[in-house]
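Student: I have a new structure to look at. Can you walk me through it?

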Amino acid sequence: MIPNQDPESSTTSEPRLSVVLGLPFHRTTMDETLDACEDYMNSDGSHYLVTPNVDITRLASKDAKLRRILFAADRIICDGLPLVWLSSRQKTPLPERVAGSDLTPKLLERCAQAGKSVYFFGSDEATLEKVGAVLNERHPELKIAGWSSPPLAPVEDWDNERHVEEIRAAAPDLLLVAFGCPKQEYWIDTYQKRCGVPLAMGIGASLDFIAGKQVRAPRLLQIIGLEWFWRMASAPRRLAGRYAADFEFLFSNGGKTHPAGSQVLFLPESKVQRPADRGCDRVTDCAAVVQPSADLLAMLAERWRAANAAGDGMRLKNVSLPVARQLERFGWHELMTPAGPATISPIPANI
C-alpha cells in the first residue's frame with residue numbers, strides 16, 4: 001500500500017516540483033507547509049508528509065520501496081540545506097530548507113491554536129512523558145490524544161493490530177511517528193490509512209529535541225550548513241559512518257545534477273489499457289528530448305504523482321540513452337516502466 005494523494009479529499013493546491021539528486025521536492029516554505037498541514041487536518045482522507053534530508057535522499061536512491069513512498073507523499077519537504085544549494089542551479093530553485101525538527105514544534109503550536117489533537121507513536125516511554133510535560137507547559141490548550149512506545153523489535157513483531165485500534169480509538173487529527181527513516185515511513189505506508197488519521201508525518205529525533213534529550217545546533221551553524229557537524233560531535237560513534245556515506249553520495253552525484261536548460265513545454269501523453277487488469281497506464285513519449293534536464297525530471301515526477309493518485313501506472317517510450325542513464329542512476333526506471341510497441345493499445349478517451 002502506498003500513501004497517495006486523493007484529489008477528492010483535499011482542498012490544498014500542490015506546489016510545483018524541483019528534482020534534486022533523484023528526489024522530487026515541493027517548492028514551498030515553512031509557512032506554506034504549515035498552512036498545507038492545517039488544510040489536510042481539516043479535510044477528509046489520509047494524508048502523509050515527508051521531510052527528506054541528504055541521508056534520506058541517499059537511502060531512497062538504493063531502496064525502491066522507500067523511493068516509491070517518498071514520491072507518493074502529499075508533501076515532499078526539503079530538510080537538507082545542501083539540497084537547497086544544489087537546486088539553485090535550476091531556474092526555479094527550492095525557496096528554503098524546511099527542517100523537520102523546526103516544523104514539528106511549529107505544527108504542534110498550530111494544532112494548539114486550531115484545537116487539533118495529536119498522537120505520538122514511537123520513541124520511549126520516558127521521552128514521551130517528558131514531551132507531554134513540556135508541551136503541557138508550552139501549550140496547555142494542546143489536545144494530546146495519546147501516545148505509545150512499541151518495543152525494541154522488528155516492526156513485524158509488534159502488536160500492530162492493537163496499535164492501530166488504539167490510534168483509531170484516540171481519533172487524533174495528527175499522527176507523529178518517531179522511529180527514524182525508513183522504519184517510520186514503512187509503518188505509515190502500511191498502517192496509516194487503517195488508523196483513520198487525516199495527517200501523518202515521520203519525525204525522527206524531533207521528540208528528543210522537545211524533551212531536551214538532544215540540543216539543536218546554534219542558529220549560525222544551521223544557517224551555514226554545519227548542523228550535521230554539531231550532531232555528529234554529540235554522537236560520533238553512531239553518526240560518523242552515516243555522515244561519511246552521505247558526503248560520498250553528495251559529492252559523487254552533486255555534479256550530475258542537471259541545470260534547467262531548455263524548458264520542456266510539452267511531451268505527448270496517452271492512456272493505454274493494461275492487459276492484466278482493468279487499470280490504465282499513462283504513456284509519455286520522450287522522443288522530443290535528447291538530454292536530461294531538471295525541467296524534464298520535474299515534469300516526469302509530476303506526471304508519475306498524477307498517475308499514482310488516480311491508481312494508474314506510468315510508462316515511457318522513445319527514451320534516449322542519456323535520459324535512460326539519468327533515470328537509472330536514481331532508480332526512476334523502476335517507477336516508470338519502458339513501454340514497447342507491443343504493450344500499447346488505444347483505449348477510448350472516456351476510460
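Tutor: Start with a definition. Buried means under 20% relative accessible area, exposed means over 50%, and partly exposed lies in between (1.4 Å probe, protein chains only). Lys213 is exposed, because its relative accessible area is 52%.

Student: What kind of model is this?

Tutor: This is a predicted model: local features need pLDDT of at least 70, side-chain atom pairs count only at pLDDT 80 or more, and totals for chains, interfaces and linings use all residues. Residues are numbered from 1 along each chain as its sequence is written, and side-chain values use heavy atoms, with hydrogens and water left out.

Student: Back to Lys213. What does Lys213 meet in a salt bridge?

Tutor: Asp124. The N to O distance is 3.2 Å. A salt bridge here is a side-chain nitrogen of Lys or Arg within 4 Å of a carboxyl oxygen of Asp or Glu.

Student: Where do Lys213 and Asp124 sit in the chain?

Tutor: In distant parts, 89 residues apart. Lys213 is in the loop between α9 (206–211) and α10 (219–223). Asp124 is in the loop between β5 (117–122) and α6 (125–138). Helices (H or I, at least four residues) and strands (E, at least two) are DSSP runs, numbered from the N terminus.

Student: Which class does Asp124 fall in: buried, partly exposed or exposed?

Tutor: Partly exposed, because its relative accessibility is 29%.

Student: How many salt bridges are there in the whole structure?

Tutor: The search finds 17. One of them joins Glu14 and Arg305, with the closest N and O atoms 2.9 Å apart. This pair also links distant parts of the chain, 291 residues apart. Glu14 is in the segment before β1 (17–20), and Arg305 is in helix α13.

Student: Is Arg305 buried or exposed?

Tutor: Buried, because its relative accessibility is 3%.

Student: Which residues are linked in a network of salt bridges?

Tutor: Asp55, Arg58, Arg242 and Asp246.

Student: And what about strands? Which strands hold Asp281 and Arg315?

Tutor: Asp281 is in β10 (residues 280–285) and Arg315 is in β11 (residues 313–317). Their side chains meet in a salt bridge, 2.6 Å from N to O. Asp281 is buried, because its relative accessible area is 6%.

Student: New topic. At what angle do α3 and α13 cross?

Tutor: Roughly 85°, and the axes come within 9 Å. That makes α3 roughly perpendicular to α13. Angles under 35 degrees count as roughly parallel, over 145 as roughly antiparallel, 65 to 115 as roughly perpendicular, and the rest as oblique. Axes are lines fitted to C-alpha atoms, for helices over the stretch in contact, and angles run from 0 to 180 degrees between N-to-C directions.

Student: Which residues meet there?

Tutor: From α3, Arg68, Phe71 and Ala72. From α13, Ala301, Trp304, Arg305 and Asn308. Contact means heavy atoms within 4.5 Å. Arg305 is also the salt-bridge partner of Glu14.

Student: Where is Gly331 found?

Tutor: In the loop between α14 (321–329) and β12 (337–338). Gly331 is buried, because its relative accessibility is 4%. Gly331 and Ala64 are 267 residues apart in sequence, but 7.1 Å apart in space, C-alpha to C-alpha.

Student: Last one. How many helices and strands does the protein chain have?

Tutor: It has 14 helices and twelve strands. Buried residues make up 52% of the 351 residues.
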